[in-house]
Amino acid sequence: MKAILDKAVELAFIEAKLAYDQGEVPVGAVIFSNTEIIAAAHNLVETHKNPLYHAEFLAISNALTLGTDKFLSELNMYVTLEPCPMCAQAISFTRLKRVYFGASDPKSGGVINGPKIFNSSSCHFAPEIYPGIHEEAATELLQDFFRKLRK
């Protein structure tokens with residue numbers, strides 16, 4: 001499992017850097033099983049002028065097109081930034097087994113910050129959560145992006 005998680009982390013950072021280069025908030029997400037990468041995506045909010053086009057949402061959508069079920073219950077996600085409430089709800093609805101993420105998001109997060117979607121009594125499914133995976137690198141990428149944006 002560690003080898004595939006490492007591969008997912010690496011691919012998520014590649015996706016985040018693609019977003020960065022396109023002027024998008026640099027977030028990358030990868031959905032994977034215990035043995036293979038299933039889907040990968042990065043933020044495309046600005047490119048498509050659509051506030052729903054978060055990396056997690058796009059990766060989930062891509063993964064769902066490959067299967068025959070509405071659930072991704074045997075799959076995991078790595079994302080470079082703590083999912084927002086919208087993405088956390090999508091993760092819950094699709095029943096992803098585990099979510100690993102890099103940087104926490106005190107302002108807009110929905111997992112360990114903000115509304116803590118998976119702790120809500122209205123949440124029907126909560127995945128296992130593993131925060132802080134390559135947190136320093138993910139935080140640095142985001143801070144660099146916003147520093148350059150504000151110049």
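These entries record what I looked up in a predicted model of one protein chain.

**Conventions.** I number residues from 1 along each chain as its sequence is written, and side-chain values use heavy atoms, without hydrogens and water. Local features need pLDDT of at least 70 and side-chain atom pairs pLDDT 80 or more, while totals for chains, interfaces and linings use all residues.

**Fold.** I found five helices and five strands, taken as DSSP runs (H or I, at least four residues; E, at least two) numbered from the N terminus. Along the sequence they read α-β-β-α-α-β-α-β-β-α. The radius of gyration is 14 Å against 15 Å from the globule rule for 151 residues, so the chain is as compact as a globular protein of that length. I note that this radius is taken over C-alpha atoms, and the rule is 2.2 Å times the number of residues to the power 0.38.

**Burial.** I looked up the buried share, which is 45% of the 151 residues; buried means under 20% relative accessible area, with a 1.4 Å probe and protein chains only.

**Helix α1.** I listed its buried residues, among them Ile-4, Leu-5, Ala-8, Phe-13 and Tyr-20. The buried residues of α1 pack against β1 (28-32), β2 (37-42), β3 (76-81), β4 (98-103) and α5 (135-150), with contact meaning heavy atoms within 4.5 Å. After α1 comes Gly-23, with a positive phi near 80 degrees.

Key: Buried < 20%, exposed > 50% of the residue type's maximum accessible area, 1.4 Å probe, protein only.
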